[in-house]
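User: I have a chain open here and would like to go through it with you. Can we start with the overall layout?

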Amino acid sequence: MRLPSDPAAMDVHLGSLLVFRHLAQSGSFTETGRRCGISQPAVSLMIGRLESGLELVLFERAASGVRLTPDGERFLVKLPDPRTGRPV
């Protein structure tokens with residue numbers, strides 16, 4: 001599947017992008033929930049909706065945590081910095 005050329009221009013809730021970035025860094029739904037001030041099920045729901053909207057699998061899930069898929073890695077590098085809105 002093709003990645004959007006500009007993820008910031010997609011019809012995706014900014015919160016989902018921030019949760020995605022935190023999950024990519026931590027590898028843990030629980031830790032991401034703590035860092036974002038939301039529950040683990042809310043993190044899971046937001047990531048599931050993001051993946052559905054993109055029609056991509058962004059994370060490989062395992063009992064020990066999650067890690068980015070190749071599509072997830074490509075998506076992460078296209079995300080703008082949430083503080084500046086500029087490419088990272």
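Analyst: Read along the sequence, the protein chain runs α-α-α-β-β-α. Helices (H or I, at least four residues) and strands (E, at least two) are DSSP runs, numbered from the N terminus. This is a predicted model, where local features need pLDDT of at least 70 and side-chain atom pairs count only at pLDDT 80 or more, while totals for chains, interfaces and linings use all residues. Residues are numbered from 1 along each chain as its sequence is written, and side-chain values use heavy atoms, with hydrogens and water left out.

User: What does the pLDDT average for the protein chain?

Analyst: The average is 85, and 82% of the residues score at least 70; pLDDT is the predictor's confidence in each residue, from 0 to 100.

User: How much of the protein chain counts as buried?

Analyst: Of its 88 residues, 35% are buried. Buried means under 20% relative accessible area, exposed over 50%, partly exposed in between (1.4 Å probe, protein chains only).

User: Which residues touch the most other members of the largest nonpolar core?

Analyst: Phe20, Ile47, Leu50, Leu58, Phe59 and Phe75 do, in a core of 16 residues. α1 (14–26), α3 (40–54) and β2 (65–68) are the elements that give two or more residues to this core. A nonpolar core is a set of buried Ala, Val, Leu, Ile, Met, Phe, Trp, Tyr and Cys residues joined through side-chain atoms within 4.5 Å.

User: And what is phenylalanine 20 in contact with?

Analyst: Leaving aside neighbours within four places in sequence, phenylalanine 20 is in contact (heavy atoms within 4.5 Å) with Ile47, Leu50, Leu58, Phe59, Leu68, Gly72, Phe75, Leu76 and Leu79.

User: Which residues of α1 are buried?

Analyst: Gly15, Ser16, Leu17, Val19, Phe20, Arg21 and Leu23. The buried residues of α1 pack against α2 (29–36), α3, β1 (59–62), β2 and α4 (70–78).

User: What comes after α1?

Analyst: Glycine 27 follows α1, with a positive phi near 75°.

User: Switching topic. Where does threonine 69 lie?

Analyst: Threonine 69 is in the loop between β2 and α4.

User: Buried or exposed, and why?

Analyst: Threonine 69 counts as buried because its relative accessibility is 8%. Setting aside neighbours within four places in sequence, threonine 69 is in contact with Val57, Leu58, Phe59 and Glu60.

User: What lies 2.6 Å from a polar atom of its side chain?

Analyst: The backbone oxygen of valine 57 lies at that distance from a polar side-chain atom of threonine 69.

Methods: A polar contact is a pair of N or O atoms within 3.5 Å; within protein, one must be able to donate a hydrogen and the other to accept it, and residues adjacent in sequence count only if both atoms are side-chain atoms.
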